[in-house]
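Subject: Structure handover

Hi,

Here is the structure for your files. Please open it next to this note.

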Amino acid sequence: MNEITQNLAQVRRRLLEAERIAGRPEGSTGLIAVGKTWPAAVLAKAYRLGIRDFGENYLQEALAKQDELKGLDIIWHFIGPIQSNKTRHLAERFDWVHGVDRLKVAERLSAQRPVDLPPINLCIQVNVSNEPSKAGVGLDELRSLAESIIRLPRIKLRGLMAIPAPSDDFDEQRGAFRTLRKALEELNLEGLDTLSMGMSDDLEAAVMEGATLVRVGTAIFGDRL
Ligand SMILES: *Cc1c(COP(=O)(O)O)cnc(C)c1O
């Protein structure tokens, strides 16, 4: 077995174990393989091992890989920082955009989404650690942003996403994810079914708090190039 095969088996074991401990149904956590810096051939390997959801951070790199992997039934997630002048490519080439924290970006995605595609799936990024320098909307502004975005015609608002400040402490990791889960519950808006949270180092804590999509790079592909 090569490294990706073993790594992926390990990640799947970790998810199943966390789901078991959390008392959640087996397989209820979706896995996005984060392929940033890795070439298309490496992503194709993960595809052959059953991965269908891929996450990318850098637009130009992602577009090139999408061209190379055309024809595969991949669900593409954009998880990187969004420049509002680059939304057209996101609207045309991605199935999901995580990390939206401004109405203007959502409005542009809605306006630019091609009519022959279904509405684009979107998650609002929340700054759960309340770090001033960090991306994400504050909890105090979340409701007004969500209520504006949910009205946009070509957007399907799916839920919330967060990248908490890294911590080695399990309870601290859980606390940040709990904040996101509670924020989703408190919003209580129809059709919101997604908590996009948890990465290689904290996916167990995220599953314990109800993550429906974890975004995992290093634990699958190894240290980034
Ligand atoms: C890179 C990245 C990931 C994956 O991180 P790993 O620690 O390699 O699993 C997840 N989410 C976002 C937003 C990222 O930028």
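Ground rules first. This is a predicted model: local features need pLDDT of at least 70, side-chain atom pairs count only at pLDDT 80 or more, and totals for chains, interfaces and linings use all residues. Residues are numbered from 1 along each chain as its sequence is written, and side-chain values use heavy atoms, with hydrogens and water left out.

Strands

Helices (H or I, at least four residues) and strands (E, at least two) are DSSP runs, numbered from the N terminus. Start with strand E5, residues 120-125. Six of its six residues are buried, where buried means under 20% relative accessible area, exposed over 50%, and partly exposed in between (1.4 Å probe, protein chains only). Both faces of E5 are covered. Ile120, Leu122 and Ile124 are on one side; Asn121, Cys123 and Gln125 are on the other.

E5 pairs with two strands, where pairing needs at least two DSSP bridges. Strand E4 (96-100) runs parallel to E5, with three bridges. Trp96 has Asn121 of E5 as its bridge partner. Strand E6 (155-161) is also parallel to E5, over six bridges. There, Ile124 stands opposite Leu160.

The one from E5 to E6 passes through helix H6 (139-149) and is right-handed. E4, helix H5 (103-112) and E5 form a right-handed unit too. Right-handed means that, with the strands pointing away from the viewer, the path from the first strand over the helix to the second runs clockwise.

Helix H2

Buried residues in H2 are Ala40, Val42, Leu43, Ala44, Ala46 and Tyr47. They pack (contact means heavy atoms within 4.5 Å) against helix H1 (3-22), strand E2 (53-56), H3, strand E3 (75-78) and helix H9 (218-221). Gly50 follows H2 and has a positive phi, near 105°.

Pockets

A pocket here is an open set of points on a 1 Å grid over the protein atoms alone, where a 1.4 Å probe fits, with protein on both sides within 12 Å along at least five of seven lines; lining residues have an atom within 4 Å of a point. Points are joined across faces, edges and corners, and a volume is the space filled by probe spheres set on them.

The largest pocket has a volume of about 520 Å³. It is lined by 26 residues, with Ile163, Pro164, Pro166, Met199 and Asp202 nearest its centre. H7 and strand E8 (213-216) are the elements that give two or more residues to this lining. The largest share, four residues, is from H7. By class, the lining has eleven nonpolar, seven polar and eight charged residues. Ala, Val, Leu, Ile, Met, Phe, Trp, Tyr, Cys and Pro count as nonpolar; Asp, Glu, Lys and Arg as charged; the others, Gly among them, as polar.

The second largest pocket is about 270 Å³ in volume. Of its 15 lining residues, Trp76, Glu92, Arg93, Phe94 and Asp95 are closest to its centre. Helices H3 (59-68) and H4 (87-93) each supply at least two.

Most residues other than glycine have a negative phi. Thr37 has a positive one, near 75°. Thr37 is in the loop between E1 (30-34) and H2 (40-48) and is partly exposed at 27%. Asn188 has a positive phi of about 50°. Asn188 lies between H7 (170-187) and E7 (194-196) and is exposed, at 64%.

Best wishes
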